[in-house]
Amino acid sequence: MDKILEGERFTANSLSELRSEAEHCKRCDLYKNATQTVFGEGSRDAETVLVGEQPGDKEDLAGHPFVGPAGIVLDKALVEAGIERDSCYVTNTVKHFKFEPRGKRRLHSKPNAGEIRICSWWLRGELELIKPKIVVALGATAANCLVGNAVRITKDRRRIFHPDGLPPVLVTIHPSYILRIRDRDKADIETREFVRDLAEIRRFLSIH
Ligand code: SF4
């Protein structure tokens with residue numbers, strides 16, 4: 001997978017302008033089945049930008065990022081790490097929900113490399129307009145998009161990378177990973193590890 005898309009520049013002068021443009025995006029086919037574009041949200045002056053993979057079922061319907069079960073896990077972990085979500089900007093690598101219909105349910109389907117590459121154009125716009133001090137890649141899709149394919153979550157979590165042309169990127173898991181763990185003890189351990197990862201944000205900001 002390519003890193004965040006180079007080349008064509010966005011023309012929007014503000015986040016709200018960029019958001020309005022993204023509402024009508026047809027750069028790839030994912031807009032066809034999704035309910036709406038789920039753009040990032042949060043403070044324009046955020047020092048921290050959190051980047052997930054793509055909106056889920058709940059986010060697609062609500063039109064807001066990280067409002068479903070994974071968002072609840074993220075919110076709790078941020079609180080435990082001493083970070084206010086309101087002080088962050090929260091977004092996704094891909095702005096439309098990709099899914100496979102199963103009866104009445106819509107099952108998450110991983111965006112492919114081409115979709116991620118094309119949609120990262122919007123993410124780059126968000127980062128260039130916000131200019132955060134640190135970006136947090138929540139999971140492999142965001143980490144690979146922002147840092148490159150060599151990143152592995154298991155070996156690189158809690159590491160801070162310095163990709164060319166981007167703010168420093170802290171790598172951690174996607175909170176949905178914790179939701180998929182059946183074993184309660186393991187889920188608790190992973191939750192604590194996730195909080196430790198997020199606490200790196202505060203440590204980083206305290207010295208930069
Ligand atoms: S997924 Fe991204 S690039 Fe594709 S249509 Fe939606 S906003 Fe545009």
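Analyst: Let's start with one idea: a residue is buried if 20 or more other C-beta atoms lie within 10 Å of its own. Keep in mind that this is a predicted model.

User: Thanks! Is Leu123 buried or exposed, and why?

Analyst: Leu123 is buried, because 25 other C-beta atoms lie within 10 Å. You will find Leu123 in helix α4.

User: Which residues does Leu123 touch, not counting those up to four places away in sequence?

Analyst: Leaving those out, Leu123 touches Ile4, Val51, Thr91 and Thr93.

User: Which residues of the largest nonpolar core touch the most other members?

Analyst: That core has 47 residues, and the ones touching the most other members are Val49, Val51, Val135, Val136, Ala137, Ala143 and Leu146. Several elements give two or more residues to this core, among them β2 (48-52), β6 (134-138) and α8 (184-207). Helix α4 gives the largest share, six residues.

User: What is Val136 in contact with, apart from its neighbours within four places in sequence?

Analyst: Val136 is in contact with Thr48, Leu50, Val51, Leu170, Thr172 and Ile201, once those neighbours are set aside.

User: Now the ligand: which residues come nearest?

Analyst: There are 15 residues around the ligand, and Cys25, Arg27, Cys28, His96 and Cys119 come nearest. By class, this shell has nine nonpolar, two polar and four charged residues.

User: Which helix gives the most to the shell?

Analyst: Helix α4 (residues 113-130) does, with four residues.

How values were computed. Residues are numbered from 1 along each chain as its sequence is written. This is a predicted model: local features need pLDDT of at least 70, side-chain atom pairs count only at pLDDT 80 or more; totals for chains, interfaces and linings use all residues. A residue is near a molecule or strand if its C-beta atom, placed from the backbone, lies within 6 Å of it. Ala, Val, Leu, Ile, Met, Phe, Trp, Tyr, Cys and Pro count as nonpolar, Asp, Glu, Lys and Arg as charged, and the others, Gly among them, as polar. A nonpolar core is a set of buried Ala, Val, Leu, Ile, Met, Phe, Trp, Tyr and Cys residues joined through C-beta atoms within 7 Å. A residue is buried if 20 or more other C-beta atoms lie within 10 Å of its own, exposed if 12 or fewer, and partly exposed in between; C-beta atoms are placed from the backbone. Two residues are in contact if their C-beta atoms, placed from the backbone, lie within 7 Å.
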